Amino acid sequence: MIKPDQNGKKKKYIIYTRCSTDEQAQGDYTTLDAQAHHCQNMLNAFGYELATFGKNGTVNDDGYSAKDLNRPGIKSILESINIKREFDGVIFFRLDRLTRNTRDLYSMIDLFKQHDIDFISVRENLDSSTAIGRVVIGILGILSAFERELTGERVKASAIARARQGMRVGGTTPLGYKL
């Protein structure tokens, strides 16, 4: 549940979107557009405003994994929090769009709490300002990290099985070779 602003002014949020592959980012109905649309709908429903930050209040990390915080968009948000506060919160579609690393998740929760910045997930409807909200965010973060690791194990096992069968492993043909 999102709490209303106690100062009587509208809160301003940054929309954060992320997808792992360039193909997802370039699609006809892009994942990034869909995520931003849902976030904007939630902001509208609660009467909040879009912050003047990034591209029209939206920060996109297209083609980046959530395994760590080595992404230009999330770095710009985190740096802005430490320099000056230009927004009241960050809204994103799903927790796994923000991070799939529990250590990064907890450090962001601490940073956001320290600077009194809201941390909102549309899909899970989570509020990081309450104890139960932080527990649920932690559990979902652990599940996201587990999912990322499990996918990695499956891809590795599949590549090994293909190689044992003499099948091609990998996405591109090396320069100078033909299939």
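Rings of Phe, Tyr and Trp are taken to pair if their centres lie within 6.5 Å, and a pair whose planes are under 30 degrees apart counts as stacked. In the predicted model described here, ring pairs that meet this criterion link Y13, F46 and Y48 into a cluster. A search of the whole structure finds 5 aromatic pairs. One of them joins Y13 and Y48, with 5.1 Å from centre to centre and 25 degrees between the planes, and is stacked. Y13 belongs to strand β1, whereas Y48 is in the loop between α2 (31-46) and β2 (49-50), so the pair ties together parts that are 35 residues apart in sequence. Y13 and Y48 are both buried. The rings of F46 and Y48 are also stacked, because their centres are 6.2 Å apart and their planes stand at 20 degrees. The relative accessible area of Y48 is 10%, which makes this residue buried. F46, by contrast, has a relative accessibility of 34% and therefore counts as partly exposed.

Helix α3 comprises residues 72-83. Its 12 residues reach 16 Å from the first C-alpha to the last, close to the 16 Å expected at 1.5 Å a residue. The buried residues of α3 are G73, I74, I77, L78, S80 and I81. They lie on the same side of α3, because the arc that they cover around the axis is only 155 degrees. An α-helix has 3.6 residues a turn, so residues three or four places apart point the same way. N82 and I83 are exposed on the other side of α3. Packing partners of the buried residues in α3 are the strands β1 (12-19), β3 (58-62) and β4 (89-92), together with the helices α4 and α5.

A similar analysis was made for α5. The end C-alpha atoms of this helix are 18 Å apart, which agrees with the 18 Å that its 13 residues should span at 1.5 Å a residue. D104, L105, M108, I109, L111 and F112 are buried in α5. Their arc around the axis is only 170 degrees, which puts them on the same side of α5. Exposed residues R103, D110, K113 and Q114 are carried by the face of α5 turned away from its buried side. The buried residues of α5 pack against α3, β4, α4, β5 (118-121) and α6 (131-164).

The N-terminal end of α5 is capped by N101, a side-chain oxygen of which lies 2.9 Å from the backbone nitrogen of R103. N101 is located in the loop between α4 (95-98) and α5 (102-114). With a relative accessibility of 14%, N101 counts as buried. Apart from neighbours within four places in sequence, the residues in contact with N101 are A66 and K67. After α5 comes D116, which has a positive phi, near 55 degrees.

Helix α6 has 34 residues. From its first C-alpha to its last, α6 reaches 50 Å, close to the 50 Å expected at 1.5 Å a residue. G133, I137, G138, G141, S144 and A145 are buried in this helix. Just after α6, the phi of G166 is positive, at about 80 degrees.

A further pair of residues was examined in the loop between β3 and α3, where G63 is found. The C-alpha atom of G63 is separated by 4.0 Å from that of T21, although the two residues are 42 residues apart along the chain. The relative accessible area of G63 is 29%, so this glycine is partly exposed.

Notes: Residues numbered from 1 in each chain as written. Predicted model: local features only at pLDDT ≥ 70, side-chain atom pairs only at ≥ 80, totals over all residues. Heavy atoms only, no water. Helix = DSSP H or I, 4+ residues; strand = E, 2+ residues; numbered from the N terminus. Buried < 20%, exposed > 50% of the residue type's maximum accessible area, 1.4 Å probe, protein only. Contact = heavy atoms within 4.5 Å. Expected span 1.5 Å × (residues − 1). Arc of directions from axis to C-beta. Phe/Tyr/Trp six-rings, centres within 6.5 Å; stacked < 30°, edge-to-face > 60°. Polar contact = N/O pair within 3.5 Å; in protein donor to acceptor, adjacent residues only side chain to side chain.
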